[in-house]
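Have the sequence and the 3D view open as you read.

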Amino acid sequence: MTFAKYKVPAALVLAGMGLVGMAQTATANDLTVYTRDNSGHAKWFEAKHEIGVCDDKADGWGTRGYIYRPTHGDPGNGTVLLKVNDPSASGHCGWGRLPQSPAGHINIKVCSYQGAKIEDCSWAPIR
């Protein structure tokens with residue numbers, strides 16, 4: 001059976017799949033990235049233009065997250081649009097928000113930091 005012959009409203013399809021509630025809270029561009037040593041993570045919420053950064057390990061290091069425009073040829077670095085810190089594993093995350101979602105390619109990066117030292121970075125393209 002092909003669906004090309006039938007015009008079904010998208011809301012009806014989503015409801016039938018049990019995804020209506022999820023469609024309102026998550027988008028395809030929401031993304032979570034963990035530090036290489038899994039001591040912290042950052043999550044981008046596309047609909048809210050918001051990043052949450054959480055330090056998950058009480059090890060004397062904090063967790064820092066970035067939203068940035070990647071540099072051509074070096075997608076792990078670029079122009080920082082938003083930087084958020086969570087300095088300790090206190091159970092509270094750091095939050096930051098952009099006034100609007102930036103157009104074009106953006107990436108998310110998360111690192112462990114202690115003072116000026118930055119280690120265990122991971123990154124991924126958001127779009």
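Two strands are taken to pair if DSSP finds at least two bridges between them. Helices (H or I, at least four residues) and strands (E, at least two) are DSSP runs, numbered from the N terminus. What you have here is a predicted model, where local features need pLDDT of at least 70 and side-chain atom pairs count only at pLDDT 80 or more, while totals for chains, interfaces and linings use all residues. Residues are numbered from 1 along each chain as its sequence is written, and side-chain values use heavy atoms, with hydrogens and water left out.

**Overview**

The chain holds 2 helices and 8 strands, and from the N terminus on the order is α-α-β-β-β-β-β-β-β-β. As for confidence, pLDDT (the predictor's confidence in each residue, from 0 to 100) has a mean of 84 over the chain, with 80% of the residues at 70 or more. Residues 1-24 are another story: pLDDT is below 50 there, and this stretch has 7 contacts in the model beyond near neighbours in sequence. A contact means heavy atoms within 4.5 Å. Of the contacts in the chain with a separation of 6 or more, 50% come from residues 24 or more positions apart.

S1, S2, S3 and S6 form an open sheet in the order S1-S2-S3-S6, with antiparallel pairing. Strand S1 (31-34) and strand S6 (94-97) sit at the edges with a single partner strand each, so one side of each has no neighbour in the sheet. The twist averages 15° from one strand to the next, using lines fitted to C-alpha atoms as axes (for helices over the stretch in contact) and angles from 0 to 180 degrees between N-to-C directions.

S2 and S3 pair over 6 bridges, while 4 bridges join S3 to S6. In the hairpin of S2 and S3, which has 4 residues between the strands, His-49 takes a positive phi near 60°.

Another open, antiparallel sheet runs in the order S5-S4-S7-S8. Its edge strands are S5 (74-86) and S8 (117-125), each pairing on one side only. Neighbouring strands are turned by 30° against each other on average, direction ignored. Strand S4 (residues 62-71) and strand S7 (residues 107-114) run antiparallel and are joined by 7 bridges.

Some residues that stand opposite each other:

| Residue | Opposite residue |
|---|---|
| His-41 | Cys-54 in S3 |
| Ile-51 | Gly-96 in S6 |
| Gly-52 | Trp-95 in S6 |
| Ile-67 | Ile-108 in S7 |

Most residues other than glycine have a negative phi. Asn-38, though, has a positive phi near 60°; Asn-38 lies in the loop between S1 and strand S2 (40-45) and is exposed, with a relative accessible area of 54%. Asp-120, found in strand S8, has a positive phi of about 55°.

For the whole chain of 127 residues, 35% count as buried. The accessible surface comes to about 7800 Å², of which 57% belongs to carbon and sulfur atoms; such areas come from the Shrake-Rupley method with a 1.4 Å probe, and for residues only the protein chains shown count as cover.

Note on methods: Buried means under 20% relative accessible area, exposed over 50%, partly exposed in between (1.4 Å probe, protein chains only).
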